[in-house]
Amino acid sequence: MKLEIRDYKIEDVEEVYNILSQNFIHPWDKKSLTLVSNNFIKKVLVLDGEIIGFLEMQVVADEADLVMIAIKKEFQRKGLGEYFLKQIIKYLKERGITRIFLEVSSKNEKAINFYRKLGFVDYSIRKNYYKDGSDALLLELYLDSGD
Ligand SMILES: CC(C)(COP(=O)(O)OP(=O)(O)OC[C@H]1O[C@@H](n2cnc3c(N)ncnc32)[C@H](O)[C@@H]1OP(=O)(O)O)[C@@H](O)C(=O)NCCC(=O)NCCS
């Protein structure tokens, strides 16, 4: 079994789009998956040649906004998302990032549990933020460079 994290490539668009479609009612369109920018970090998690996870972050100065993380449905709840994000956190620390922040729907219980397990804590809330009326929880994680 070979598990690796590598940079996202344009050729991955179909596989990544399929993962997002499985997980979201309104997934990003394929066009937004083809945009390239230096401020965005896009990574895929690959198991034996198959893409099973996707992550995107926007880096602004020494902070990173976790815009998206998704694991292919049939591979969820196996510790792979945790492995993926922990490896990315290590990589961000090496790049001098001191804080990661994100927003998550108050209805997305599994993602909230996931982020909390990784140490993210609440710093604010936006009421009725999403179309379905749910709130956006704003979570953050400070990266201790001493670890
Ligand atoms: C959130 C997500 C990335 C987690 O990835 P995962 O590989 O399934 O998570 P892991 O197996 O590494 O789980 C780590 C922890 O997250 C929490 N968790 C994960 N899935 C959960 C579930 N279905 N119910 C409750 N808690 C859950 C648990 O605390 C879990 O630890 P535990 O198994 O020891 O209890 C995955 O569920 C996913 O892709 N969800 C859909 C996309 C999404 O909502 N992304 C976040 C918003 S952009």
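Which helix is Gly 81 found in? Gly 81 sits in helix H2, residues 80–94; helices here are DSSP runs of H or I with at least four residues, strands are E runs of at least two, and both are numbered from the N terminus. What you're looking at is a predicted model, where local features need pLDDT of at least 70, side-chain atom pairs count only at pLDDT 80 or more, and totals for chains, interfaces and linings use all residues. Residue numbers start from 1 along each chain as its sequence is written.

View A. Seven strands line up as E1-E2-E3-E4-E5-E7-E6, with mixed pairing (two strands pair if DSSP finds at least two bridges between them). Strand E1 (3–7) and strand E6 (121–126) are the edges, each pairing on one side only. On average, neighbouring strands are turned by 25° against each other, direction ignored.

**View B. E4 next to E5.** Strand E4 (residues 63–71) and strand E5 (residues 99–105) run parallel, paired over three bridges. Look for Ala 64, which stands opposite Ile 100 in E5.

**View C. Helix H3 over the sheet.** Helix H3 (residues 109–117) lies across E5 and strand E7 (136–142), at about 160° to E5. Axes are lines fitted to C-alpha atoms, for helices over the stretch in contact, and angles run from 0 to 180 degrees between N-to-C directions.

**View D. Around Gly 81.** Gly 81 counts as buried because it has 23 C-beta neighbours inside 10 Å (buried takes 20 or more other C-beta atoms within 10 Å, with C-beta atoms placed from the backbone). Beyond its neighbours within four places in sequence, Gly 81 is in contact with Gly 53, Ile 69, Ile 71 and Phe 114; contact means backbone-placed C-beta atoms within 7 Å.

Notes: Two residues are in contact if their C-beta atoms, placed from the backbone, lie within 7 Å. A residue is buried if 20 or more other C-beta atoms lie within 10 Å of its own, exposed if 12 or fewer, and partly exposed in between; C-beta atoms are placed from the backbone.
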